[in-house]
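Please open the structure in a viewer and keep the selection panel at hand. The stops below are meant to be followed in order.

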Amino acid sequence: MKSLGSIRRSFAPWNDPDAKPYIVFENVTKRFGDFTAVNNLSLKIYEREFFALLGASGCGKSTLLRMLAGFDEPTAGRILLDGQDLRGIPPYRRPVNMMFQSYALFPHMTVEANIAFGLKQEGMAKADIEKRVAEMLKLVKLERFAKRKPHQLSGGQRQRVALARSVAKRPKVLLLDEPLGALDKKLREETQFELMDQQQELGLTFVVVTHDQEEAMTMADRIAIMDKGEVMQVATPAEVYEAPSSRFVAGFVGNVNMIEGTVSGRENGVARISDGNGLTIKAENIGDAAAGSAVAFAIRPEKIKVSSRKPDDPGVNVVEGEIYDIAYLGDMTVYHVKLADGQVVKASALNASRITDDPLTWNDRAFISFRPDAGVVLTR
Amino acid sequence: MNARWSPFNVASVTLGLAFLYLPIVILIIFSFNESRLVTVWAGFSTKWYVSLFSNRGLIDAAWVTLRVALISASIATVLGTLAAITLTRYTRFRGRVLFSGMVFAPLVMPEVITGLSLLLLFVAIGLDRGFLTVTLAHITFSMCFVAVVVQSRLLTFDRSLEEAAMDLGAPPVKTFFQVTLPVILPAIISGWMLAFTLSLDDLVIASFTSGPGATTLPMKIYSQVRLGVTPEINAACTILIAVVALGVIAASLVNKRREIQRLRDEQMAQRGA
């Protein structure tokens, strides 16, 4: 079975035409004065999905989350949760809870009291509150810290208290605003997996806002890439990486080589793209690019091979160049190869073995090669 | 080491401290003077402290001062806090600049002017001068100090705390009392203490707005001093100094201990204990 990326997903309600979306943004626009934070945006999120909103700061992703939580109302359009229009419902009556970027733990309350806060507002019986708090402490492995105040906890522990507090009420949807932004790199990587496990365990719908693409790729079932208040692409991490829909998405997620050119001919699903400076390549995945149109061939560095000998497979694209820069990173080596027309192409090679029989050095003549289906042709 | 005690350093520190504290030390020493003459030492005695407590006038004045300070500080704290919240939270209402200017004007207004204008107002509306008018006057001028203190705390207040409370189901009023108020409480308490001490030692405004039967301690001391300083006054001042010093020392000790505790807690947390 062929598939994009390296994982097989069994949970994919977005491919099921009968599945009912759980959260729907319908032509939502949000303006602050003259500034348009979110522009006529539509989006569907399914139950139990781990959904990530990914974008640079100021792209409107946080505004989207705040509208869902009820801190901001859309200027136009509507937001539906489980079929119910959320307009006019204040944050304290919405069945969603949020985990804040700063965690927003109440500094004057113990860990226990922080977790119990939401339950008390519901008017839950005292015994039930105690039971639920104990359950939550166990979930985040903080039983021993129940009586501590937030300032007596480390960053990772605070993050877990914030999570426990926001899921204590068993919300239908949990919103996470840069949930791991305040943690250091190592802790962040561990916590990513913890969060995924907890989402599975609780069976909740998670909507997470992040600017960290690795975080989004690791955790999310689907990612919405946002730019200037609009959604550029909504897809699984593998699709976003291997089949970006536009130059912006290709450039935003991971490293990419963008070979600009025009389609000089197409037959049997294979296009010839010429950059006008003597470089012509064959490309599959041409989509709706018509002959004569300006396109970009986007190809990831790890899909390009570099060698000192010319590969003799006639099916692949081979271009001659010169090694311009080398970065040895341990697990892989990145080569910058300057082609005859002056453009520099990045290629990375996994150092799968310790010893190589084709070592390259600066200013070597070298050949880059890639299969026609190793990249995608982008018209936007 | 750079921190050597050069003669210059020693001299400047000694002179500086002497300039600040010598008058107070002299006042304290002469409060234990046997003689009735303030400037002539005639042996140690505590008799002026005894006679102080039988001086009805001074005791009454102290009592009036205390009540005025307690009441005015409390009301000023409520009003000042409300003003601070309005000014930090509702940043776009009409006349905000004017309002904030009016709230903070008494900070820079000469006391004589505040006192005189309040006097004119009380006369104009026919309010008899006395306990009520002093208290009102003190509320008016100390409110802005509370507002400044509370406002500076609110500016650094993390609004997401309130959002979190609302997100967890607390309506705005509950959010205010369960989250906002406890978090800014230390600032409100300092505001109250500031208002309290301002009211305690105010002479100018009290002189304008007070009436018969509502003489405050500073007024009383001032009027007695005009007839000549008695060691009794020295004794009264020494008690005031002692009370203030004890308060300051206690507050700083508590702060210090809390700081040490906080550092220890944080270290413990970092070690992942």
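This is a predicted model: local features need pLDDT of at least 70, side-chain atom pairs count only at pLDDT 80 or more; totals for chains, interfaces and linings use all residues.

**Stop 1: between the chains.** Display chains A and B together. Here 21 residues of chain B are in contact with 22 residues of chain A. Next, select α7 (159-167), α8 (172-200) and α11 (231-270) of chain B; each of these helices supplies at least two residues of the side that touches chain A. Colouring this side of chain B by class gives 11 nonpolar, 4 polar and 6 charged residues.

**Stop 2: the domains of chain A.** Across the boundary, 4 residues of domain 1 are in contact with 5 residues of domain 2. On the domain 1 side, the residues in question comprise 2 nonpolar, 1 polar and 1 charged.

**Stop 3: A:Ala298.** Select strand β14 of chain A, residues 294-299, and find A:Ala298 within it. Is A:Ala298 buried or exposed? It counts as buried, because 22 C-beta neighbours lie inside 10 Å, and the threshold for this label is 20 or more. Finally, draw a distance from A:Ala298 to A:Gly251: their C-alpha atoms are separated by 8.8 Å, with the two residues 47 apart along the chain.

Definitions and conventions. Residues are numbered from 1 along each chain as its sequence is written. Chains are lettered from A and ligands numbered from 1 in the order in which they are written. Two residues are in contact if their C-beta atoms, placed from the backbone, lie within 7 Å. Helices (H or I, at least four residues) and strands (E, at least two) are DSSP runs, numbered from the N terminus. Ala, Val, Leu, Ile, Met, Phe, Trp, Tyr, Cys and Pro count as nonpolar, Asp, Glu, Lys and Arg as charged, and the others, Gly among them, as polar. A residue is buried if 20 or more other C-beta atoms lie within 10 Å of its own, exposed if 12 or fewer, and partly exposed in between; C-beta atoms are placed from the backbone.
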